[in-house]
Amino acid sequence: MYKEPAIPFKGTKAQEDELKEFINIEKSKPGALMPVLQKAQEIYGYLPIEVQTMIAAELNMPLSEVYGVATFYSQFSLNPKGKHRISVCLGTACYVKGADKLLEGLETRLGIKCGECTPDGLFSLDSTRCVGACGLAPVMLVDEDVYGRLTVDELDGILDKYRD
């Protein structure tokens, strides 16, 4: 079921022109959809329904096919990403040490669910599998910064660092 994103689509004419130019180069090649989706995500940062609709029209294929590929591969995101990307590791070591509680705490504090972006565009929240820091479990990443041995009580202080 389609859910309207918290942040409205703000694509520009320049972005649209860049994507359409790329599609015109690729559309006659077999398997053009994958490189087109990759380019679209590079241009827009994610694949909103407006972009998927444009791709479907330009490639003369059903929107359902574009959507099916975009949702099948984990490299694609249908939701915008925030200025600061938060990832909570839910690998075995982190999960056993309470990463699920960290994720719940972040959802509450940010007012969004995993996979979403705050309405102001400042934070996006995702879960990930093992980040290779099992000795620091539970682990959270904010952009490239790694926070380990976390408790829910530490989340507000960490988020405040990125709000300034």
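Trainee: What relative accessible area does Lys20 have, and how do I read it?

Mentor: The value tells you how open a residue is: buried means under 20% relative accessible area, exposed over 50%, and partly exposed in between, with a 1.4 Å probe and protein chains only. Lys20 has 26%, so Lys20 is partly exposed. Before we go on, this is a predicted model, where local features need pLDDT of at least 70 and side-chain atom pairs count only at pLDDT 80 or more, while totals for chains, interfaces and linings use all residues. Residues are numbered from 1 along each chain as its sequence is written, and side-chain values use heavy atoms, leaving out hydrogens and water.

Trainee: Which side chain meets Lys20 in a salt bridge?

Mentor: Side chains of opposite charge can pair when their charged atoms come close. The term here needs a side-chain nitrogen of Lys or Arg within 4 Å of a carboxyl oxygen of Asp or Glu. For Lys20 the partner is Glu58, at 4.0 Å from N to O. That pair links distant parts of the chain, since Lys20 lies in helix 1 and Glu58 in helix 3 (residues 49-59), 38 residues apart. Helices are DSSP runs of H or I with at least four residues, and strands are runs of E with at least two, both numbered from the N terminus. Glu58, at 24% relative accessibility, counts as partly exposed. Glu16 joins in as well: Glu16, Lys20 and Glu58 form a network of salt bridges.

Trainee: How many salt bridges does the structure hold?

Mentor: There are ten. One of them joins Glu18 to Lys39, whose closest N and O atoms are 3.7 Å apart. Glu18 belongs to helix 1 (residues 13-26) and Lys39 to helix 2 (residues 33-44), so this pair ties together parts that are 21 residues apart in sequence. Glu18 is partly exposed at 37%, whereas Lys39, at 18%, counts as buried.

Trainee: Which other residue meets Lys39 in a salt bridge?

Mentor: Glu42 does, at 3.3 Å from N to O. Here both partners sit in helix 2, three residues apart, which is about one turn of the helix. Glu42 is exposed, with a relative accessible area of 59%.

Trainee: Let's turn to Val66. Is Val66 buried or exposed?

Mentor: Val66 is buried, with 0% relative accessible area, and is found in helix 4 (residues 63-72). To read its surroundings, take contact as heavy atoms within 4.5 Å. Apart from neighbours within four places in sequence, Val66 touches Leu33, Leu37, Gln52, Ile55, Ala56 and Met61.

Trainee: Which residues of helix 3 are buried, and what do they pack against?

Mentor: The buried set is Val51, Gln52, Met54, Ile55, Ala56 and Leu59. These residues pack against helix 1, helix 2 and helix 4. Just past the end of helix 3, look at Asn60, which takes a positive phi of about 55°.

Trainee: And the strands: how many bridges join strand 1 to strand 2?

Mentor: Two strands pair if DSSP finds at least two bridges between them. Strand 1 (residues 84-89) and strand 2 (residues 123-128) run parallel and are joined by six bridges. As a place to start, find His84, whose bridge partner in strand 2 is Phe123.

Trainee: In which sense do strand 1 and strand 3 pair?

Mentor: In the antiparallel sense, over three bridges, with strand 3 covering residues 140-142. Val88 has Met140 as its bridge partner in strand 3.
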